[in-house]
Amino acid sequence: MVCLSPAGDPAHAAAVVIEFKNVGKIYKSLLGNSVQAVEEFSLSVRDGEILGIAGPNGAGKSTLISLMLGYLRPTTGAVEIGGMPARDYVEQNGIGYLSELISINPRWKAESALVRYATLAGISDNEIPRRVQYVIELLGLEEHRDKKVKALSKGNLQRLGLAQALLRDERILVLDEPTHGLDPVWTQRFRDIVGDLRRPDRTMLIASHNLDELQRLADRVAIIDRGRLQRVVSTTYEAAAPATTRFRLTLASGFDLVTAAFPNAEEVGKGEYDVTVQSITDLNTSLVNLIGRGALIASVVPERSVLEQQFREAVGEPR
Amino acid sequence: MRGRLAKYSLWQFRDFFMQHGIGIAVIGLLWGYTLLAPLRAAMSVQSTVIPMGPGSPMWNLVLQITSVVVSLSVLIAMNGIVSTDRKSGYYRFLFSKPINRVLYYTQMFFVYMVGVILIMALLSSLLRIILPSFNVAYFLLYAALVYIAMGGIGFLLSVSTRYDWLTLAAVWLGSRTLRAIYSGPQAGWKGKAVQLLPPVHRLDDVANSLIGTGSAHLPDVVWLVGYGAVCFVIGLVILRYGSLAD
């Protein structure tokens with residue numbers, strides 16, 4: 001398990017693109033009440049990286065993104081993108097951004113909304129129809145293009161939000177709860193789209209409650225709680241070296257062979273067994289043993305993903 | 001690649017027309033019709049035009065109606081010019097694009113000004129059909145002046161509050177009332193304090209002379225335009241250095 005210190009960086013050489021430098025944000029009300037939304041937050045995101053941001057409700061994820069886009073000013077510290085103050089970068093270069101709440105004027109039609117955003121994004125008149133058509137097809141919005149935004153379902157609105165973020169070939173993409181409201185088919189489709197967007201010169205930030213999603217998509221995940229960075233976790237199993245890990249085995253046949261390969265296996269029914277191993281190497285050795293004895297394995301799933309394990313350690317049980 | 005803000009002005013103009021312009025035109029027509037038609041009937045005017053000249057009672061009534069329509073139009077135009085984007089969260093997608101928010105709202109302010117002037121041109125041209133002595137150009141000059149004076153304050157309020165049209169109406173009417181109450185040397189510090197309020201008390205004289213003759217007392221014009229322009233610039237400064245998100 002690679003568990004970096006809050007300000008730590010992964011050991012690869014790509015250039016730092018986004019840098020949070022000891023950022024703090026305090027919201028103050030007119031009555032003098034104040035809330036510390038983000039506190040002493042430092043983190044670097046490198047070129048080509050997909051960074052996940054995870055945290056419980058109210059942890060400060062959306063505030064961090066607003067600070068990064070220049071919608072909020074930090075109370076302390078600074079956010080830099082490409083070596084420039086974040087807001088200057090956004091004003092000069094733009095960022096592909098999908099917000100958690102999709103706020104598009106409900107009177108606009110879906111396609112005309114995309115044309116407007118394309119104009120603001122600096123796409124030329126000749127290019128706009130082609131780009132708009134591309135994102136409409138990519139996000140399956142063909143039959144909704146002439147509908148007013150207020151007539152779109154939650155899922156279609158989410159897809160329209162993603163479409164406007166992908167209008168331009170942005171170098172930086174920020175996706176806040178991107179699969180919120182999407183059905184399972186479009187959730188999978190979204191994951192495929194993000195996979196296709198990965199490029200050595202493109203940096204992506206994905207904030208999500210869905211740890212499984214971040215485990216699949218992100219290279220690292222920053223876990224935040226109460227406005228503080230708790231830890232940064234690598235999502236790769238190669239890097240992980242757990243002392244003890246539990247997995248769930250599902251067998252198609254050879255149920256009576258399980259205890260020979262996994263002496264501590266616990267049957268949970270329907271051909272499923274929970275096994276505890278000391279390492280990934282142990283797991284593989286035991287699986288080879290089990291297969292060698294003639295068992296047919298249908299699936300091997302960790303009881304908790306690397307990320308989920310780390311998240312629970314950092315944040316505790318759901319509050 | 002920078003955003004194409006100038007090209008986007010066409011969309012801003014469309015938004016103005018759909019969200020404010022139609023309402024302004026309808027209110028202007030109804031206001032003018034409901035006040036002028038009965039008067040015309042009462043005066044037993046047989047021809048299609050109403051004879052009148054500057055200084056006549058009819059002229060004063062027309063002045064009052066037209067200046068109220070202009071003020072209402074600016075109030076409607078300024079409603080939510082910035083605050084709607086903030087309240088509704090529209091700023092999130094708009095300003096993730098490579099555009100400068102100060103330029104975006106400056107352009108919007110002037111696009112809306114063009115919209116208000118065009119509708120005032122339409123309404124005053126209709127008015128001129130029954131009042132041939134009414135000068136459209138002078139009236140448009142007055143409308144532009146009120147747009148800067150009142151719109152500048154409205155813009156600042158829209159940047160800094162959620163309930164901009166309500167506060168603008170309160171500031172506009174409140175200034176008139178407070179200035180009337182605390183005028184003269186006996187008002188003391190209150191009299192001095194109300195001098196900081198918008199100089200709306202100068203509007204009546206400016207309306208009278210500008211719509212009637214095309215000229216106005218220069219210090220009054222400078223006060224009105226200057227006050228609005230300063231408020232507008234303060235609004236831009238807040239946009240530049242403040243936060244868009246709540």
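Here is a short tour of this predicted model, with something to select at each stop.

**Stop 1: a sheet in chain A**

Start with strands β3, β2, β5 and β6 of chain A. These four make an open sheet, lined up in the order β3-β2-β5-β6, and their pairing is antiparallel. Now pick out the two ends of that row: β3 (34-46) and β6 (84-85) of chain A are the edge strands. Each has a single partner strand, so one of its sides has no neighbour in the sheet.

Next, zoom in on residues 16-28 of chain A, which are strand β2. How many bridges join β2 to β3(A)? There are nine, and the two strands run antiparallel. For one spot to look at, select Lys25(A): across from it, in β3(A), you'll find Val38(A).

**Stop 2: where the chains touch**

Now show both chains. On one side, 24 residues of chain A make contact with 22 residues of chain B.

**Stop 3: Met204(A)**

Finally, select residues 203-207 of chain A, which are strand β9, and find Met204(A) within it. Last, draw a line between the C-alpha atoms of Met204(A) and Val194(A): they are 9.1 Å apart, while the residues sit 10 apart along the chain.

How values were computed
Residues numbered from 1 in each chain as written. Chains lettered and ligands numbered in written order. Predicted model: local features only at pLDDT ≥ 70, side-chain atom pairs only at ≥ 80, totals over all residues. Pairing = 2+ DSSP bridges. Contact = placed C-beta atoms within 7 Å.
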